[in-house]
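Dear colleague,

Please find the structure below, followed by my notes on what was found in it.

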Amino acid sequence: MLLLLLGIILLHVAGLVLLFVSTIVSVWTTGETTTSDLWLNCTAAIDGYHCNPATSGEWIQAVQAVMILSIIFSCLSLFLFFCQLFTLQKGGRFFLTGTFQILASLFVMSGAIIYTVMSPQWVPGSDNFGYSYILAWVAFPLALISGLIYVILRKRE
C-alpha cells in the first residue's frame, strides 16, 4: 500500500512539475530567431535579444488564466490528498482530491486547445510548437490519470 501511495504521489508531482514548466518557460512556439509563450514574444537580433509582452487579445489571456487555474487546482488537489490521507475514515474514497485533479487536467487541456486553435493568427507560419507546448499536452493525461486514480482509490489502514 505504501508503494501505491508513493507511486500516486510521484505521478501527481510529475504532472505538477510539467504544469509549472509549461506555464513558466518561454518556448510554446519557436522559430529561427523567435520564441513565444504565454507571457513574452522574444526575438533575437544583432544587438541582442528583445522581448515584448504577449498582448494579442483575449485568447492569450484565457490561456494564461486556465494554465494558472490548472496549477492552482493541482496544488490544491495534492494538499487535499495529504489532508484526506490523515482525516478520511477507513474505506473512504478521495473524491474531492480526484475532482480537483480532473478539473486541473481539463483546464490544461482547454488552454492547450485554445492555443492550438488561435496561435496561427498570432505566430508566423514558419514557427513550430515548442517543448513547453508539448509538456502541457503531456501534463493533461498525467493529471487526468492521477485524478481518476484518486477517485477509484480507497483508504485502507
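C83 is partly exposed, its relative accessible area being 30%, where partly exposed lies between buried (under 20% relative accessible area) and exposed (over 50%), computed with a 1.4 Å probe on protein chains only. C75 also counts as partly exposed, at 31% relative accessibility. The count of disulfides comes to 0, a disulfide being a pair of cysteine sulfur atoms within 2.5 Å; C75 forms none because its sulfur lies 13 Å from the closest cysteine sulfur, that of C83, which is too far for a bond.

Please bear in mind that this is a predicted model, in which local features need pLDDT of at least 70 and side-chain atom pairs count only at pLDDT 80 or more, while totals for chains, interfaces and linings use all residues. Residues are numbered from 1 along each chain as its sequence is written, and side-chain values use heavy atoms, with hydrogens and water left out.

The protein has 4 helices and 5 strands, taken as DSSP runs (H or I of at least four residues for helices, E of at least two for strands) and numbered from the N terminus. The 5 strands form an open sheet with antiparallel pairing, in the order 4-3-2-1-5, where two strands pair if DSSP finds at least two bridges between them. Its edges are strand 4 (48-53) and strand 5 (128-129), each pairing on one side only. Strand 1 (residues 29-30) pairs with strand 2 (residues 34-36) over 2 bridges, and T30 has T35 of strand 2 as its bridge partner.

Finally, 42% of the 157 residues count as buried, and the C-alpha trace spans about 65 × 25 × 20 Å along its principal axes.

Best regards
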